[in-house]
Amino acid sequence: MRMGLLALAALCIAVTPAAAQAPAQKPEAPVEKWTGKTVLFIGAHADDDALSHGTLAMLQAHGNQVYILTLTTGNVGTQDPRLSRLQLAEIRRQEELAALKDLGINAEHYINLGYDDGMLEFEDRKAVVENLVYWIRKLRPDVLFAWDPGKVYQRWHKADHRAAAYLAADAARAAMWRLLFEGQISQQGLKEFTIPEYMFYNDYDFQDENLWVDIGAFVDQRVNAGSHYISQFGPGWKNYNPNPGEEEMKAMKALVRESIRTRDGKPVEGFRYYCGLPDAIGK
Ligand SMILES: [Zn+2]
């Protein structure tokens, strides 16, 4: 059933802008107080969630159910000539599971759709959207985290991130329509579903952000989790070492710590919060 506007309005508040622009929104309760919600994070690669690790650790600690869905296996992004696609996919999976463990997120809450790294925008879009719609209808998230497809203008992201931003938004929209992918409803026991709230993340050009989560109490968890991506950044990108020494791990942790943004002196993660029907995600 299509969620009514009144039901959505109870979840967020419109903030009147100073200039003539669409009203910004903020959640009725601050993210720091959220509890009992189902949260679905959609990313292209194992480590896309690293930008939001403090927030995800907080949500998990506060009694929310956090699921991480990664579209690709991450089987391409290395400069180490010794690694095969198969090896890299397995390394990326283990790194992601180790990171999620540090965030308190169970391995059963990690979903990988198995697409090839770097080629997401050349996949059959209908099949990928159908796959995502399946998980949205199955998990019925209260909140979707996704790459920000942009608000006023189309945002340019590097390849897979660009595809993931649009695929997640398209899937959020398709999931609410009973007659789209109706086999999931008539044959697989699922029901159409409208996601009410969104937290869009981004890795550069933060001008659309309207919500900053104070991750002060979760910085160490973010640092520990991020330090597991040894094949993705740091020296392991060019020369992968499955058993890094103490010094290497210290350097990895320092890199993650340096990547944390601050606002008014506090460590934060920033998002574009949106609440409403998926048709207006970009408005
Ligand atoms: Zn990525």
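Helices in this predicted model are DSSP runs of H or I with at least four residues, numbered from the N terminus.

Q: Which residue just after α3 takes a positive phi?
A: That is G104, with a phi of about 85 degrees.

Q: How does the reach of helix α3 compare with what is expected at 1.5 Å a residue?
A: Helix α3 (residues 85-103) has 19 residues and spans 27 Å from first C-alpha to last, close to the expected 27 Å.

Q: What makes the buried residues of α3 line one face of the helix?
A: These residues are L88, A89, I91, R92, E95, E96, A99, L100 and L103. Looking down the axis of α3, they fall within an arc of 165 degrees, so they line one face. Their cover includes α2 (53-61), β4 (65-72), β5 and α7 (219-226).

Q: Why does I111 count as partly exposed?
A: A residue needs 20 or more C-beta neighbours within 10 Å to be buried, and 12 or fewer to be exposed. I111 has 18 inside 10 Å, so it is partly exposed. I111 lies in strand β5 (residues 110-115) and touches Y67, L69 and W135, leaving aside residues up to four places away in sequence.

Q: Why are α4 and α5 called oblique to each other?
A: Helix α4 (residues 125-139) and helix α5 (residues 159-175) pack at about 60 degrees, their axes 8 Å apart. Roughly parallel needs an angle under 35 degrees and roughly perpendicular 65 to 115, so this pair is oblique.

Q: What is the handedness of the crossing of α4 and α5, right-handed or left-handed?
A: The crossing is right-handed. Among the residues that meet there are V128 and L132 in α4, and L167 and A171 in α5.

Methods
Residues are numbered from 1 along each chain as its sequence is written. This is a predicted model: local features need pLDDT of at least 70, side-chain atom pairs count only at pLDDT 80 or more; totals for chains, interfaces and linings use all residues. Helices (H or I, at least four residues) and strands (E, at least two) are DSSP runs, numbered from the N terminus. Two residues are in contact if their C-beta atoms, placed from the backbone, lie within 7 Å. The expected span of a helix is 1.5 Å times one less than its number of residues. The arc is that of the directions from the helix axis to the C-beta atoms. Axes are lines fitted to C-alpha atoms, for helices over the stretch in contact, and angles run from 0 to 180 degrees between N-to-C directions. Angles under 35 degrees count as roughly parallel, over 145 as roughly antiparallel, 65 to 115 as roughly perpendicular and the rest as oblique. A crossing is left-handed if the near helix is turned anticlockwise from the far one by less than a right angle, and right-handed if clockwise.
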